[in-house]
Amino acid sequence: MKTILPATRTQLPGTSEPEGQSPAKTNIILPLSGNGPLSYEPQDEGHFSLSEKVREKVEEPPKYVVYLLNDDYSTFDFVVHVLVNIFRKSIEEAIRITNDVHHRGKGACGMYTKQIAETKVMLVEEASSSAGYPLRAVMEEA
């Protein structure tokens with residue numbers, strides 16, 4: 001790291017400061033590669049303190065997996081319809097997930113943030129109740 005000396009104020013030719021007044025205090029911001037800028041803030045005339053701006057790391061929100069649960073009444077076609085329209089799956093992918101639901105008891109539909117996963121679960125419940133099927137979706141933290 002380089003040693004940086006405090007900056008001094010230079011007077012432009014042809015200008016003068018009023019008598020009895022000290023030069024105005026100035027803040028100097030110097031770029032520092034990688035860690036953000038450093039700023040020097042004068043406390044008293046001739047004294048400077050160093051403060052570094054720290055950037056906090058932003059954490060990824062937790063992800064949730066949405067599963068469709070098997071039941072004895074929902075038709076294969078209806079489950080495929082839900083996967084295509086609510087989860088935006090292709091027909092081939094929807095058929096594969098529907099087979100997982102039928103043979104394994106549940107099938108993973110996707111991984112989403114909490115709010116999106118809750119919305120998908122709610123949409124499945126609305127679609128299944130309006131169509132007269134007991135199809136359910138649940139979400140689990142990944």
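User: Which residue lies over the face of Tyr67?

Analyst: Quick heads-up: this is a predicted model, so local features need pLDDT of at least 70 and side-chain atom pairs count only at pLDDT 80 or more, while totals for chains, interfaces and linings use all residues. Residues are numbered from 1 along each chain as its sequence is written, and side-chain values use heavy atoms, leaving out hydrogens and water. A charge sits over a ring if NZ of Lys or CZ of Arg is within 6 Å of the ring centre and within 35 degrees of the ring normal. Here, at 4.1 Å from the ring centre of Tyr67, we find Lys106.

User: What kind of aromatic pair do Phe87 and Tyr112 form?

Analyst: Rings of Phe, Tyr and Trp (its six-membered ring) pair if their centres lie within 6.5 Å; planes under 30 degrees apart are stacked, over 60 edge-to-face, and the rest tilted. Phe87 and Tyr112 sit 6.4 Å centre to centre with 35° between the planes, so the pair is tilted.

User: Why does that pair tie together parts of the chain, and how far apart are they in sequence?

Analyst: Helices (H or I, at least four residues) and strands (E, at least two) are DSSP runs, numbered from the N terminus. Phe87 lies in the loop between helix 1 (76-85) and helix 2, and Tyr112 is in strand 5, so the parts they tie together are apart by 25 residues.

User: Is Phe87 buried or exposed?

Analyst: Buried means under 20% relative accessible area, exposed over 50%, and partly exposed in between (1.4 Å probe, protein chains only). Phe87 has 4% relative accessibility, so it counts as buried.
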